[in-house]
Structures are given as C-alpha cells and as structure tokens.
Amino acid sequence: MTAPLKHSDPVNVDVALGDRAYDIVIGRGVLSSLGERVAALRPGVRTAIVTDRTVAKHWLEPAEASLAASGVPTSRIVVEEGEISKTYAGLEKVSEALIAAKIERNDLVIALGGGVVGDLAGFAAAILRRGVDFVQVPTSLLAQVDSSVGGKTGINSPQGKNLLGAFHQPVLVIADTAVLDTLSPRQFRAGYAEVAKYGVLGDEAFFTWLEKNHSDIFSGGAAREHAIATSCRAKAGVVTRDERETGERALLNLGHTFGHALEAATGFSDRLFHGEGVSIGMTLAAQFSAKLGMIGEADAVRVERHLIEAGLPTRLQDIAGFAQEGLADADALMALMAQDKKVKRGKLTFILLEAVGRAVIAKDVEPAPVRDFLKEKLAQKV
C-alpha cells in the first residue's frame, strides 16, 4: 500500500445507504465548494451553520462566503469550544437558535467543527421538527476520519459519554484536509489515534503503512489524504453493513470502553482529549488481549510503540492529574465502564484483538479479571 506522490483531485467516498446514501468529499481546499455542492443537492435551501468560537475564527467566514457565492442564505450559531458544549445546556442553546433562525424540515443544518460540534449539531438536527437534514464539515482529523461519518449524534450525560443521542445520517460530508493545518499538534495527534485504530482493528497492511508514513501525515504531505480516505472507506463499509451497531459496527469502538471511562473520570475536560483516551484504551485493549492469551506480547508492544512514536499517551500514568481520586481507583473506573452503551444486563463488552489487524467482539466479559488488570496497570510506577 503506497500513498500518491502528490496531492490529487478531491476523493469521493460513497456511504452506500440506499436512498440515504451520501458522499464524503476529501481534499485540500474543498471547503470552497461547500456552497456549490449544497445548492446542487438542495436547490432553494436555507442553512444554519453551527460552529465553535475557535473554528469560527478561521473557517466561518470562508464557509459563509462559499454559500453566499452560490446564493444559499445562512445564519450562524457559535458555541463554546470543547465538551462543555456537548451537554443538555448546549443542546438547548443550539436547538432554540435553530428554531429562531426559522430552519424548517426542508432546510439544512451545517456542522462546521470537530467531533463535539458534529455530534451536537447533528443531534439538534435529528430532533428539530422531528428531523432536519444536516451536512458535516469536519475541521479536526478525528472528526474527518470518524465522528462525521456514520450518523452517530449525541451529547454527554454527567454519568457517561454519549448516553443521549440518535442515529441521524448526514446528507454530505466535506473533509477539507487543508483546515487541519490550523490544529494544534496535540489536537492532530489525538485525531491520529482514530486513524491508527482502523489499521489495528481490521487492516494490518494499512497499519504497516502507517508505521512507515505517519510523519508525512503529520507534516501535511500527500499521505494525509490517503490516510483519511482509507479510514473513511473502512468506516463507510462497516456503517453500510451495520448502520445501527447491532453487530460488526461495535468493532469501531476498539479502545473506547476503557477510553470513555477515562474521559468521564477526568470530567470530559482538556486533561484528556477523546483521541488520547482512545490511544490509552487501545493500548489497554491490546495488553488485556495479550493477558488473556489472545495475542502475543509482541503484538501488544507493536501497537503501543506506534502510538508512542506518534506522540500519543498510552498509559494511565500519562494522564494529567493521574493520582486524583476516581482515576487511580480501579473500582471507580469499573463503575464508569458499567455505564458504557455496550453493557448488556450488567455484562461488559470489550473489543479485543486476535492479531494486529483483526479485532473481535468479546461479550459477557467477567468484571473480576478486568478489575485485576486495571489494578495491575494502576500500580505501575509513573
């Protein structure tokens, strides 16, 4: 598997969901085509852009200019950056603003931002007037390869991550890889965890390619588009086969059962970005798989080594304020994992590995070995 040697024309990835199919358009500079694509998709439509304050500084005016150039009227709704907006209060703010903007059922909500904005705006669209269509314009690497694709929308509860939401597919995804140049290094690294995840869970050849080419992805070379398109194709295929996560789609949660618990333990704060939680969770999942004898220790080491090379945290001790109560306590983490959406009748479900590139769904995992494993990891020296 090799990347193109130069930036190519935009790549279209089809999410084949019958009459709800949509395109993911990937490439440098494709944000400028937003207005043209929206106008062609929905002639005469009105739009409202939901974004956060940081993204608005860079990309709100270019998005509005593109819409205006194609005669598409729009209004703006700006929320605070980060998980603080992915709450009941944030949902109320966006929903009431959409109603005030007179967005009707045949109009479009445009989510311009990272995963938080996409989840929040998508959920507001899903419940507004019992369902308004929306467009995803993801501005973070994590959103471009994961959260903008597949129709999962929602907000957090104080009791857990994404416990309120709806499946609501977008009608278009515009993934402009040039906007990623404005991300902080930490934000970009956090998004890269989701790219690596696709290799670890189902494509060993892609993971090998990432081991050799991740530096070009970080520097903005042509490998970036290739990695994003490969990730999107992988997710689109899974979503097409299992839209509502009744089976195979659960594999995409590799690292998330551990990771979501860690996010909750840190208060959904910037102490731990979502992708950082996934990185630690993926490492723990690989190590737990090795402990159960499902994979060799060398495979677990390989996964962790690559994430470390990408600058990502892989240990519980890497989290800021690690020693704080609720984070360095195995029972507290177990209680948070019990709120995971994949829990059935109190039994934990984990995504574990049979090999690098082959994940499996492990249902009815007994809590005792998980608790012992966490205690072992928590006891490691900082």
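1. Is helix H8 largely enclosed by the rest of the structure or exposed? Of its 19 residues, 15 are buried, so H8 is largely enclosed by the rest of the structure. Buried means under 20% relative accessible area, exposed over 50%, and partly exposed in between, with a 1.4 Å probe and protein chains only. H8 covers residues 223–241. Its first and last C-alpha lie 27 Å apart, close to the 27 Å expected at 1.5 Å a residue. That expected span is 1.5 Å times one less than the number of residues. Helices (H or I, at least four residues) and strands (E, at least two) are DSSP runs, numbered from the N terminus.

2. Ground rules. This is a predicted model, in which local features need pLDDT of at least 70, side-chain atom pairs count only at pLDDT 80 or more, and totals for chains, interfaces and linings use all residues. Residues are numbered from 1 along each chain as its sequence is written, and side-chain values use heavy atoms, with hydrogens and water left out.

3. Strand E5 (residues 108–113). Six of its six residues are buried, so E5 is largely enclosed by the rest of the structure. Both faces are covered. Leu-108, Ile-110 and Leu-112 sit on one side; Val-109, Ala-111 and Gly-113 sit on the other. In a regular strand the side chains alternate between the two faces of the sheet.

4. Partners of E5. Strands count as paired if DSSP finds at least two bridges between them. Strand E3 (residues 47–52) runs parallel to E5, joined by five bridges. Strand E6 (residues 133–138) also runs parallel to E5, with six bridges. Ile-110 stands opposite Ile-49 and opposite Val-135 in E6.

5. Strand E2 (residues 22–27). Five of its six residues are buried, so E2 too is largely enclosed by the rest of the structure. E2 pairs with strand E1 (residues 11–15) in the antiparallel sense over five bridges. Val-25 in E2 faces Asn-12. The hairpin of E1 and E2 has six residues between the strands, and Gly-18 there takes a positive phi near 65 degrees. E2 also pairs with strand E9 (residues 172–176), in the parallel sense over four bridges. Here Ile-24 has Val-173 as its bridge partner.

6. Cavities. A search of the whole structure finds three of 30 Å³ or more. Of its 13 lining residues, Gly-160, Lys-161, His-260, Leu-336 and Asp-340 are the closest to the centre. Strand E8 (160–167), helix H9 (256–265) and helix H12 (330–337) each give two or more residues to the lining. H9 gives the most, with four. Domain 1 (11–182) and domain 2 (185–379) each supply at least three; these bounds come from an automatic or database domain assignment.

7. Grid terms. On a 1 Å grid over the protein atoms alone, a cavity is a set of points where a 1.4 Å probe fits but cannot get out. A pocket is an open set with protein on both sides within 12 Å along at least five of seven lines. Lining residues have an atom within 4 Å of a point. Points are joined across faces, edges and corners, and a volume is the space filled by probe spheres set on them.

8. Second largest pocket. Its volume is about 210 Å³. Of its 13 lining residues, Arg-20, Asp-133, Gln-169, Pro-170 and Val-171 lie nearest the centre.

9. Val-356. This residue is in the loop between strand E10 (348–355) and strand E11 (358–365). Val-356 and Asp-203 are 153 residues apart in sequence and 7.9 Å apart in space, C-alpha to C-alpha.
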